[in-house]
Amino acid sequence: MGRIGEQLDIDFVVSTGDNFYGDGLKNVNDPAFLESFKNIYTAKSLQKQWYSVLGNHDYRGNTEAQLSPALQKIDSRWFCQRSFIVNAGIAELFFVDSTPFVNKYLVDKDHNYDWRGVSPRATYLADLLQDLKQALNKSSAKWKIVVGHHAIRSAGHHGDTPELISLLLPMLKVYNVDMYMNGHDHCLEHITSLDNPIQYLTSGAGSKAWRGDTKRYNNRAMKFYYDGQGFMSVKLAGSDAEIAFYDVLGRVLYTWKASKQLHSTM
């Protein structure tokens with residue numbers, strides 16, 4: 001990542017959740033913050049702002065710790081909120097707290113979840129969706145990118161997320177979102193929508209990959225799938241976008257390009 005970050009002269013880094021395995025942080029002094037973040041991403045090119053969302057494993061720990069400004073005092077790169085917006089000029093990134101959407105976590109008796117700040121859930125989700133609707137409607141950015149932990153579309157271990165298909169996807173279609181990026185499934189993949197311009201991009205391959213249980217998926221929609229570890233880059237320049245997926249050694253596995261003017265992909 002450091003080498004590719006230097007080549008691309010990156011502006012910032014996005015983390016798609018499950019930031020600290022397997023049960024989030026215990027508190028703001030948890031050594032996991034150093035062991036899994038500060039002391040890991042040490043390359044000069046990665047000393048940029050990191051924008052992170054919470055994943056379901058983060059919710060198994062102390063979510064307030066990850067959201068605390070105290071972590072920014074330990075490492076100023078760290079920025080994590082439940083839902084927020086990053087205005088990057090030609091692009092706007094809309095970060096969405098996807099874990100509270102997923103019904104199964106509410107009845108999971110094997111793990112404890114920190115729902116502080118989320119209850120009552122119905123009100124929390126309604127407010128989140130209303131805020132996102134207003135922000136997307138207001139946005140004049142050339143590129144609209146929504147980031148969440150859970151996949152809307154995926155052929156990986158967890159597959160599609162029905163709650164996001166029902167509650168979030170219709171809004172993304174209405175407001176012409178270009179890309180939805182997520183983690184959750186421990187793989188790299190690109191799925192294209194067959195009825196609208198949305199591209200579904202999974203970059204959840206930081207660890208625990210090679211699951212070997214890929215689901216069957218529509219061959220026309222599935223553009224790329226890698227059941228291994230790696231990461232992804234996004235380069236936007238005016239009307240042009242270029243996405244690349246890399247393995248752990250920084251070797252390019254797949255690239256995808258698009259132009260807003262031509263409305264084409266390759």
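The protein has 7 helices and 14 strands, where helices (H or I, at least four residues) and strands (E, at least two) are DSSP runs numbered from the N terminus. Its radius of gyration is 18 Å, close to the 18 Å that the globule rule gives for 266 residues, so the protein is as compact as a globular protein of that length; this radius is taken over C-alpha atoms, and the rule is 2.2 Å times the number of residues to the power 0.38. The model is a predicted one, in which local features need pLDDT of at least 70 and side-chain atom pairs count only at pLDDT 80 or more, while totals for chains, interfaces and linings use all residues. Residues are numbered from 1 along each chain as its sequence is written, and side-chain values use heavy atoms, with hydrogens and water left out.

## Overall form

Along its principal axes the C-alpha trace spans about 50 × 40 × 40 Å. Of the contacts (heavy atoms within 4.5 Å) between residues at least 6 apart in sequence, 66% join residues at least 24 apart.

## Pocket and cavity

Both terms rest on a 1 Å grid over the protein atoms alone: a cavity is a set of points where a 1.4 Å probe fits but cannot get out, a pocket is an open set with protein on both sides within 12 Å along at least five of seven lines, and lining residues have an atom within 4 Å of a point. Grid points are joined across faces, edges and corners, and a volume is the space filled by probe spheres set on the points.

The largest pocket has a volume of about 1,600 Å³ and is lined by 49 residues, of which Met1, Val13, Val14, Phe231 and Met232 lie nearest its centre. Several elements each supply at least two residues of this lining, among them helix 1 (2-8), strand 1 (12-15) and strand 5 (91-96), but the largest share, 7 residues, comes from strand 11. By class the pocket lining has 27 nonpolar, 18 polar and 4 charged residues, where Ala, Val, Leu, Ile, Met, Phe, Trp, Tyr, Cys and Pro count as nonpolar, Asp, Glu, Lys and Arg as charged, and the others, Gly among them, as polar.

A search of the whole structure finds 1 cavity of 30 Å³ or more. Its lining includes His157, Asp185, Cys187 and Arg211, and the lining residues divide into 2 nonpolar, 3 polar and 4 charged.

## Backbone details

Most residues other than glycine have a negative phi, and most peptide bonds are trans.

Asp9 is found in the loop between helix 1 and strand 1, whereas Trp210 lies in the loop between strand 9 (199-203) and strand 10 (222-226).

A cis peptide bond joins Tyr21 and Gly22, with omega about -10°, and Gly22 is placed in the loop between strand 1 and helix 2. The bond from Ser119 to Pro120 is also cis, with omega near -5°, and Pro120 belongs to the loop between strand 5 and helix 5 (121-138).
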